[in-house]
2 protein chains.
Amino acid sequence: MNTTQTAPLAINRLNIHQVTLNQCNFRESIECLSRHGIRETAVWLPRLEETGVAEAGRILRDNGIVATSVCAGGLLTSAGNAEGSIVLDRNRRWLEQAAEIGATSMVTITGGLPEGVRDLDSMRAQALERLAALIPDARSAGVRLALEPLHPIVCGFRSVISTLGEALDALGQLESDDVMGIAFDSYALWWEVSLEEKIRRTAPHLLCVHVSDWLQDTSDVRLDRGMPGDGLIDNRRIRGWLEQAGFSGSIEVEIFSERNWWKRPPDEVVETIIDRSRQHL
Amino acid sequence: MNTTQTAPLAINRLNIHQVTLNQCNFRESIECLSRHGIRETAVWLPRLEETGVAEAGRILRDNGIVATSVCAGGLLTSAGNAEGSIVLDRNRRWLEQAAEIGATSMVTITGGLPEGVRDLDSMRAQALERLAALIPDARSAGVRLALEPLHPIVCGFRSVISTLGEALDALGQLESDDVMGIAFDSYALWWEVSLEEKIRRTAPHLLCVHVSDWLQDTSDVRLDRGMPGDGLIDNRRIRGWLEQAGFSGSIEVEIFSERNWWKRPPDEVVETIIDRSRQHL
């Protein structure tokens with residue numbers, strides 16, 4: 001499709017992920033978003049845990065910000081089976097916290113290869129077993145699990161599920177579409193061949209859409225994402241594909257940027273995102 | 001399969017890629033390999049061009065080293081069509097050089113996104129057109145094109161083809177199995193799901209097998225590969241899959257390592273590879 005057919009993103013569909021303002025504490029980031037007319041965020045779990053759900057909920061309400069999801073739960077893999085109950089208990093706590101602040105989904109990544117383990121297949125199987133074990137808890141919390149495939153660059157330490165196809169296969173196996181879906185991240189998936197067709201298959205399962213940009217000279221495997229427009233990803237075209245496939249939800253700008261955006265004043269970051277959204281989202 | 005069933009690699013199947021000794025000039029690297037009983041290498045094209053084919057051929061013969069391939073040709077993509085003839089002429093020269101030193105294949109990567117281009121599909125189409133145009137030249141040179149999918153981490157600047165499936169699809173479209181095949185690189189492909197099954201489909205087309213290791217703390221998207229045994233890739237298991245699928249060729253250790261192995265004495269590097277091959281290849 002011709003990308004010029006996709007209109008700029010309306011401001012009320014622009015969600016800014018809390019981790020994008022990682023230079024701020026919980027309150028500072030939410031107040032900053034509110035100041036610039038942003039109405040939605042994805043709450044970063046480490047920030048939520050340090051602030052406490054009661055206080056976090058108050059800050060969100062006082063500033064008129066909706067937490068659409070919490071991010072990132074899961075991290076399910078471990079070298080031994082003994083750790084399974086610790087992993088699951090931690091996720092149950094996150095699901096409860098998500099529910100308490102009104103978030104309807106938890107972005108869920110599988111985790112990578114634990115120290116000393118090189119058997120990807122066994123870790124994939126373990127992650128799926130543990131996801132299955134979480135499903136009743138997610139259902140009773142009223143919080144959906146948004147399974148997020150991550151770029152193969154972090155297969156080793158963040159996610160043994162790397163592609164949309166794998167994530168869809170996992171959903172098929174778990175047969176719990178009422179409480180499970182997909183988090184789509186353009187940074188993780190932009191390189192996939194036949195992406196438009198894969199997006200069509202994913203659309204009925206989409207719970208979250210994250211965007212950022214892949215920098216040509218990226219210097220870190222995880223914490224050097226770019227501002228939309230600064231890199232190689234055609235986010236406007238990808239949004240066109242998502243919308244043609246039926247997606248009409250918000251677009252979450254999620255930028256991990258240790259060397260650049262996390263060092264800047266948060267107001268400048270949010271203003272830049274709003275500005276870039278006109279041309280690039 | 002049980003990886004313990006795969007016997008250690010015989011030394012006469014151990015090929016060390018010339019770029020692994022990038023601290024050396026052409027002669028130094030070939031003499032070093034010869035000193036340690038290595039009989040095969042993949043010749044690094046920039047080294048070949050700086051040395052000249054006549055001199056390079058002499059050095060190889062004098063040291064009893066066979067050049068199984070040259071690496072890396074292709075780099076086919078460009079922003080405009082005008083550059084197409086330059087790209088093709090450069091590849092024709094490389095094919096002739098390969099033939100002159102007796103190499104039977106040229107590892108061929110597509111190239112990435114040229115400056116200012118974000119349309120992956122059009123670059124994939126362009127790369128395939130240019131590959132098609134090279135086929136008669138490869139045939140007349142008697143040098144096969146070994147199409148190498150690279151890790152999505154370098155989709156932006158080295159290869160718009162990232163997976164075995166895409167490479168096999170390209171081969172299917174080009175219908176030139178007499179003169180085209182696949183270069184398999186464990187560093188590029190270790191994260192792929194159902195890798196064993198994909199290897200079975202790839203086996204009839206395999207021209208080269210490259211191995212190295214993915215470091216947990218990798219610090220560069222291209223030049224920080226690890227020595228087998230130092231990272232996350234189970235190269236022994238992957239070789240088992242390759243052999244069960246019918247592959248019996250040599251295993252090429254190809255380590256780009258700006259921060260470590262390229263700084264060490266070449267004899268130490270080769271000794272380490274031979275030592276590691278006993279347990280990890």
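Trainee: Which residues in α5(A) meet which residues in α6(A)?

Mentor: Contact here means heavy atoms within 4.5 Å, and on that reading A:Arg124, A:Leu128, A:Leu131, A:Ala132 and A:Ile135 in α5(A) meet A:Glu166, A:Ala170, A:Gln173 and A:Leu174 in α6(A). By class, this contact of α5(A) with α6(A) has six nonpolar, one polar and two charged residues, where Ala, Val, Leu, Ile, Met, Phe, Trp, Tyr, Cys and Pro count as nonpolar, Asp, Glu, Lys and Arg as charged, and the others, Gly among them, as polar. This is a predicted model, in which local features need pLDDT of at least 70 and side-chain atom pairs count only at pLDDT 80 or more, while totals for chains, interfaces and linings use all residues; side-chain values use heavy atoms, with hydrogens and water left out. Residues are numbered from 1 along each chain as its sequence is written, and chains are lettered from A and ligands numbered from 1 in the order in which they are written.

Trainee: At what angle do helix α5 and helix α6 of chain A pack, and how far apart are their axes?

Mentor: Two packed helices are described by the angle between their axes and the distance between the axes. Axes are lines fitted to C-alpha atoms, for helices over the stretch in contact, and angles run from 0 to 180 degrees between N-to-C directions. In chain A, helix α5 (residues 120-141) and helix α6 (residues 164-174) pack at about 50 degrees, with their axes 11 Å apart. That makes α5(A) oblique to α6(A), since angles under 35 degrees count as roughly parallel, over 145 as roughly antiparallel, 65 to 115 as roughly perpendicular and the rest as oblique.

Trainee: How many helices and strands does the secondary structure of chain A come to?

Mentor: Helices (H or I, at least four residues) and strands (E, at least two) are DSSP runs, numbered from the N terminus, and chain A comes to ten helices and eight strands. Its radius of gyration is 18 Å, close to the 19 Å that the globule rule gives for 281 residues, so chain A is as compact as a globular protein of that length; the radius is taken over C-alpha atoms, and the rule is 2.2 Å times the number of residues to the power 0.38.

Trainee: Which peptide bond of chain A is cis?

Mentor: The bond from A:Cys71 to A:Ala72 is cis, with omega near -5 degrees, and A:Ala72 is found in strand β3 (residues 66-74) of chain A. In chain B, the bond from B:Cys71 to B:Ala72 is cis, with omega near -5 degrees.
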